[in-house]
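Student: Could you walk me through reading how helices pack, and then what sits on the surface?
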Amino acid sequence: MAPRYAPSLRSRMPPLAIVLQVSFIVLFAFFVETGDPEEGDEKFINSYANFQDVHVMVFLGFGFLASFLVRYGFSSVGFSMLVAAMAVQWATLLNGFLLTSSPSWKIRIKMKSLVDAEICASSALLAMGAVHGKTNPVQLLLMSLMEVTGFVINQWLIHSLFKTMSSIMSLHVFGTLFGVMTSWVLYRTENMPKHEKEKFDSKSGLFAMFGTLFLWMFWPSFNSALVKYKIIAYGTYLSLAVSTVTAMAVSALSSPTGKMNLVHIQGSILAGGVATGIAVTAVPWMDMTIGFCAALLATLGFRYLKGHMLHAFEIHDTRGVLNVHAIPGILGYLAYLLIRLVRLEDTTVAVRFAVNHICILLITVSMSLVLGMFTGTSLIAVQ
Amino acid sequence: MAPRYAPSLRSRMPPLAIVLQVSFIVLFAFFVETGDPEEGDEKFINSYANFQDVHVMVFLGFGFLASFLVRYGFSSVGFSMLVAAMAVQWATLLNGFLLTSSPSWKIRIKMKSLVDAEICASSALLAMGAVHGKTNPVQLLLMSLMEVTGFVINQWLIHSLFKTMSSIMSLHVFGTLFGVMTSWVLYRTENMPKHEKEKFDSKSGLFAMFGTLFLWMFWPSFNSALVKYKIIAYGTYLSLAVSTVTAMAVSALSSPTGKMNLVHIQGSILAGGVATGIAVTAVPWMDMTIGFCAALLATLGFRYLKGHMLHAFEIHDTRGVLNVHAIPGILGYLAYLLIRLVRLEDTTVAVRFAVNHICILLITVSMSLVLGMFTGTSLIAVQ
Amino acid sequence: MAPRYAPSLRSRMPPLAIVLQVSFIVLFAFFVETGDPEEGDEKFINSYANFQDVHVMVFLGFGFLASFLVRYGFSSVGFSMLVAAMAVQWATLLNGFLLTSSPSWKIRIKMKSLVDAEICASSALLAMGAVHGKTNPVQLLLMSLMEVTGFVINQWLIHSLFKTMSSIMSLHVFGTLFGVMTSWVLYRTENMPKHEKEKFDSKSGLFAMFGTLFLWMFWPSFNSALVKYKIIAYGTYLSLAVSTVTAMAVSALSSPTGKMNLVHIQGSILAGGVATGIAVTAVPWMDMTIGFCAALLATLGFRYLKGHMLHAFEIHDTRGVLNVHAIPGILGYLAYLLIRLVRLEDTTVAVRFAVNHICILLITVSMSLVLGMFTGTSLIAVQ
C-alpha cells in the first residue's frame with residue numbers, strides 16, 4: 001500500500017506471515033483444545049457479551065483510531081488487523097504456557113483466554129501507534145510478536161514475585177513505553193521528513209472519530225472485563241464523560257485561535273477511561289476527579305509535550321500514545337496506590353503494600369524500556 | 001471549528017465548560033454514591049447490555065446523524081459528544097433529586113440511572129437537531145442544560161399529578177418542540193443565509209447513514225429499555241422494517257424526478273420506531289400499520305411541511321426533527337390512547353383515562369413550547 | 001440515485017413496494033401474533049443479544065460491504081436496506097408456514113423467528129452481491145423475494161426428505177449460486193461496459209472496510225446463533241484470525257507488484273468464518289486449518305478465477321461472492337462430511353450418512369442453479 005518499500009521487502013512479508021501462521025497452527029494442534037461442549041449456555045453468553053465488547057474495541061477501535069493520517073487510512077486498518085490477528089494467536093499460546101495455573105501442557109480455550117489474548121493484542125497495537133509511518137510490514141509484524149512476548153513475560157515475572165496480576169496497568173504503560181522506545185531507536189537511524197505523514201483531513205478525521213467513539217463507548221466494558229466487581233463500569237462511564245468535557249475545553253483554551261484540535265480530542269477524551277480502569281476507586285466523585293486530571297494532562301501533553309519530546313529527545317510518537325496511555329496510566333496507578341494507603345491502618349502493611357506496588361511499576365517501566373530498545377535495534381536489521 | 005464566531009465568544013466556552021464540570025464533580029461528591037459492589041453479577045450484565053445499546057444510540061447514532069451537513073461533519077460529532085457528556089451528568093443529578101422515591105438526599109447510581117440519564121441526553125440532542133448551524137458552542141451548552149432541566153421538571157410534574165411516567169413520549173415530543181421553538185426565536189433575530197449550511201455530499205451522507213443505521217438497528221433495545229415487557233422489541237423491529245420500505249417508496253413517489261432523497265430517508269425510516277415505542281400495542285400488524293403511517297407522514301413532512309414551516313412561520317428545522325420525532329410521536333400517542341380506549345369496557349374509566357392522557361400530552365406540549373421560547377430568548381443574550 | 005433508469009421504471013418501483021408492503025401487513029394481520037408477554041425476561045435478553053449481532057451483520061455488514069464501488073455508495077446501502085426489510089417480512093411468513101412444526105395456521109413470533117428471517121435476508125443480500133450494478137430497483141426487489149422463496153422451499157424440501165436442517169450451508173451456497181446464475185442470464189442480454197462500475201477509491205474502501213469489520217467481528221455470533229453448542233464460537237474466532245493473515249499474505253504474494261488488494265482482502269478474510277460455520281469441528285487446529293485453506297482458495301479465486309469466469313463463461317460477479325461464500329462453503333461442507341465419516345465406525349451408517357449429505361448438497365446446488373436461471377429470465381421482462 002505505502003509505495004516506498006523496496007521490492008525485496010515486499011517479497012519478504014508474505015512468506016514470513018505464512019511460515020508464522022503454519023507454525024501457530026502446528027503449535028495449536030499439539031497444545032490447545034476447546035472446553036466441554038456441554039458447558040453452561042447461560043454463563044457462556046454472559047462472558048461472550050463481555051468478550052464481544054473488547055473484541056470490537058481492539059479490532060475496530062484501535063484499527064480506525066490511526067486512520068486520521070491521510071496516507072495511512074487503509075493501511076492502518078489493514079495492518080492493525082494483521083498484527084492483531086497474529087498477536088491473539090501468539091498470546092493465547094504464551095498466556096497458556098506461562099500464566100495458567102494448571103500443571104498439564106494442554107491449554108484449554110475459554111472466553112477468558114480470548115479476552116486475555118485480546119488484552120495482549122491491544123498492548124501491541126498501542127506500541128504500533130507510536131511507530132506508525134516509520135516501519136515496514138515486516139518490522140510491524142516482528143515488533144508486535146516481540147511486544148506480546150515481552151508483555152507476557154513481564155506479567156509472569158510480576159505474578160511470580162508478587163502473586164498479583166496488573167494487566168490493565170501493564171497494558172497501558174508497558175505497551176506505550178515499548179513503542180516509544182522502538183520509535184526512538186528507529187527515528188535516530190532514519191532520516192526522512194516525518195511531518196508530512198502526520199497530515200490529516202476532516203474526512204479521515206471522521207473515520208478516526210468512529211474508531212475513537214467505539215473505544216469511548218465500550219471502555220466501561222473493557223475496564224470491567226477483568227475484574228470481579230462489575231460496578232467499576234459506573235465510574236468509568238462518569239470519568240469518560242468528565243474527560244470529554246475537559247479535553248474539549250482545555251484543547252480550545254490552550255489554542256491561540258481558540259479552536260479545538262481534532263487529534264488532541266480523539267486522544268484525550270479516552271484518558272479518563274485509562275486512568276479510572278487502573279485506579280478502581282468505585283466512588284463516583286473520585287473517578288470523575290481522576291478523569292478530569294487525566295484529560296487535562298493528556299491534552300496539555302498533546303499541546304506542549306509531544307513537540308518537546310521530538311525536538312529535545314528525538315522521540316517521535318505518531319499517535320501520541322504517551323499522552324493518551326502512559327501518563328494517564330501512571331496517574332491512575334498512583335491514585336490507586338494513594339487511595340489504598342489512606343484506607344490501610346496498619347503502617348507495616350501499608351509500607352509493604354506501597355513498596356510492592358512501586359516495584360511492580362518500576363519493573364514494568366524498566367522491562368518496557370529495555371525490551372523496546374532491544375526490539376528497535378533488532379528491527380534496523382530488517383529495514 | 002466553524003470559523004465565524006468572534007474570538008470573544010471562543011474564549012467564553014472553555015471557562016464555562018470547566019466551571020460547570022467542576023461544579024458537577026462537587027455535587028457528585030456530596031450527593032452520589034455507587035451501589036453495593038457485591039450486587040448480583042448476572043443481573044448487572046443483563047441490564048448492562050441494554051444500557052450499552054442505548055449508549056451507542058445516543059453517542060454514535062445522534063452524533064453522526066447530523067454529519068450529513070458538509071460544514072458540520074466533525075463539529076456535529078464533537079459538539080454532540082460535549083453536549084451529551086454534560087447532559088448525562090446533569091440529568092443524573094436532577095433525576096436523582098426529583099424522580100427517585102427514596103427520601104434521603106443520597107443518589108445511588110444503578111444501571112437504570114444511567115439509562116434514564118441517557119434518555120434525557122437524547123432529548124437534548126433532538127432539540128439540538130433543530131438549531132444545528134444557528135448557534136455557537138456556548139448557546140448549545142446552555143440550551144442543552146436548560147432542555148434537560150425542563151424535561152425532568154415536566155416528567156416530575158406529570159408524575160406528581162397523574163402518578164404515571166411517559167418518558168418515551170416526552171422524549172420525542174418535548175425535545176422536538178423545545179428545539180423548534182428555540183430555533184424559531186433565534187431565527188427571527190438573526191439574518192444570515194441559512195440554506196448554504198444545509199448542503200450535503202454523498203460522502204458525508206454515508207457517515208450520516210452510519211449513525212442512522214445504528215439508531216435503526218438498536219431502536220428495539222431503546223423502546224424495550226424502559227418497559228417491563230420486553231416483547232415490545234418484536235413490534236418495533238417489524239415497524240421499522242415497514243417504515244423503511246414506506247419511506248423509500250414515498251420519497252421516490254413524491255419526487256418529480258423519481259429519486260429517493262438521502263436526507264428524507266435517513267429521517268423517515270426511523271419514524272416507525274418512534275411511533276411504535278409510544279403506542280406499545282404488542283400486536284404485530286398494528287405495529288406495522290403504525291410504522292406505515294408514521295413513515296408516510298414523516299416523508300411527506302420532509303417534502304412539503306419543512307419548506308412551508310420555513311416560509312410561513314419562519315421556523316427553520318435543520319435536521320427535520322419535527323417530521324421524524326414530533327409527528328410520529330403524537331401519532332403513536334394517539335394510537336396508544338385509541339387502542340386502550342377500545343379495550344376498556346367501563347365508560348367512566350375510559351373517560352378518565354382519555355382525559356388524563358390528553359392532559360399529559362397538553363402539559364408536555366405547553367411546557368416545551370413555553371420553555372423553548374424562554375430558552376431561545378435567553379440565548380440571544382450570549383450571541 | 002443511479003441516473004440511467006428510464007422514468008417509466010422509476011414510476012414502477014414505489015407502487016410495487018407499497019402494494020407488497022400493504023399485502024404483507026394484511027397477511028401479518030391474519031396469521032402472525034407475538035408470544036406471551038410474561039415470557040421469561042432472562043431468556044429473552046440472552047437470545048436478544050444473539051439476534052442483535054446477526055441483525056448488525058445483515059443490515060450494517062452486508063449493506064456497507066459493497067459500498068467500495070464509487071458509484072454505488074449510498075445506493076448500495078439504501079437498496080440493501082430496502083431489500084432486507086422486505087425479505088425479513090416475507091421470510092417470517094414463509095418460514096412460519098413451511099418450517100414450523102405446529103399444525104395451526106397461526107405464526108407465533110419469537111426471537112428465533114427473527115434470526116431465521118435474517119438468515120434468509122442475508123442469503124438474498126449475497127445473491128444481490130453478484131448482480132450489483134446490473135439491475136434496477138424493481139429487479140432487485142423481485143429477485144430478492146424470489147430468492148427468499150427458493151431458499152425456504154429448498155430448506156423445506158431438505159427437511160422433508162432428510163429430517164435435518166442445514167441453513168448455514170444453504171445460506172452460503174444457495175444464495176451465491178442463485179445470484180451468479182441470475183447475473184449470468186442478465187449479463188448475456190445486456191451490452192454495457194461493466195468494468196467502469198467496479199472502480200473504487202480508498203475512501204469508499206474505508207466504508208466497505210467498516211462493513212467487513214462488523215461482519216468479521218460478529219461472525220462467531222452468526223455461526224453460533226443456530227447451533228446448540230455455543231463453543232463453536234471459539235473455532236470461528238481462531239479460523240477468522242488465520243484467514244486474515246492468510247488472505248493478506250496470499251494477496252500480496254500473488255500480486256506482481258507485491259501489494260495487497262483491498263477488495264480481495266475484504267472478501268477473503270471472511271472465508272474462514274464461512275467454512276468453519278459449516279464444518280463445526282470444535283477442534284481448534286482443525287478450524288484453523290480450514291480457515292487457512294478457505295482464505296487461500298478465496299484469495300486465489302479473486303486473483304485468477306473471477307476474470308476467468310467473466311471471459312470464459314460470461315459470468316460477472318460484482319462482489320466476488322463465488323470466492324467468498326460458495327467455494328469456502330463447499331470446502332467447509334466437505335470438511336464436515338469427512339470429519340464425521342472418520343469418526344463413524346459402522347460402515348453402513350457411514351455410507352448412508354455420506355449419501356444423504358451429498359444429496360443435500362446436490363439438491364441445494366441444483367435448486368439454486370435452476371431457480372437462479374429462471375429468476376434471471378423473468379427479470380429481463382422488467383428491464
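Student: How are α6(A) and α14(A) oriented, parallel or antiparallel?

Tutor: Angles under 35 degrees count as roughly parallel, over 145 as roughly antiparallel, 65 to 115 as roughly perpendicular and the rest as oblique. Axes are lines fitted to C-alpha atoms over the stretch in contact, with angles from 0 to 180 degrees between N-to-C directions. In this predicted model, α6(A) and helix α14 (residues 347-380) of chain A pack at about 155°, axes 10 Å apart, so α6(A) and α14(A) are roughly antiparallel.

Student: Which helix does α6(A) cross at roughly 30°?

Tutor: That's α2 (residues 13-31) of chain A, whose axis comes within 9 Å of that of α6(A). The angle makes α2(A) roughly parallel to α6(A).

Student: What about handedness?

Tutor: Left-handed means the near helix is turned anticlockwise from the far one by less than a right angle, right-handed clockwise. α2(A) and α6(A) cross left-handed, while α6(A) passes α14(A) in a right-handed crossing.

Student: Which residues form the nonpolar patch on the surface?

Tutor: Patch members have over 30% relative accessible area and no salt bridge, and nonpolar side chains (Val, Leu, Ile, Met, Phe, Trp, Tyr) are joined within 5 Å. Here they're Phe97(A), Leu98(A), Trp105(A), Ile153(A) and Trp156(A), with about 480 Å² of accessible area together. α4 (73-99) and α6 (137-162) of chain A each supply at least two.

Student: Where is Trp105(A)?

Tutor: In the loop between α4 and β2 (107-109) of chain A. Trp105(A) counts as exposed because its relative accessibility is 58% (exposed is over 50%, buried under 20%, partly exposed in between; 1.4 Å probe, protein chains only).

Tutor: Residues are numbered from 1 along each chain as its sequence is written, and side-chain values use heavy atoms, without hydrogens and water.

How values were computed: Chains are lettered from A and ligands numbered from 1 in the order in which they are written. This is a predicted model: local features need pLDDT of at least 70, side-chain atom pairs count only at pLDDT 80 or more; totals for chains, interfaces and linings use all residues. Patches are made of residues with over 30% relative accessible area and no salt bridge: like charges are joined within 9 Å, nonpolar side chains (Val, Leu, Ile, Met, Phe, Trp, Tyr) within 5 Å. Accessible areas come from the Shrake-Rupley method with a 1.4 Å probe; for residues, only the protein chains shown count as cover. A salt bridge is a side-chain nitrogen of Lys or Arg within 4 Å of a carboxyl oxygen of Asp or Glu. Helices (H or I, at least four residues) and strands (E, at least two) are DSSP runs, numbered from the N terminus.
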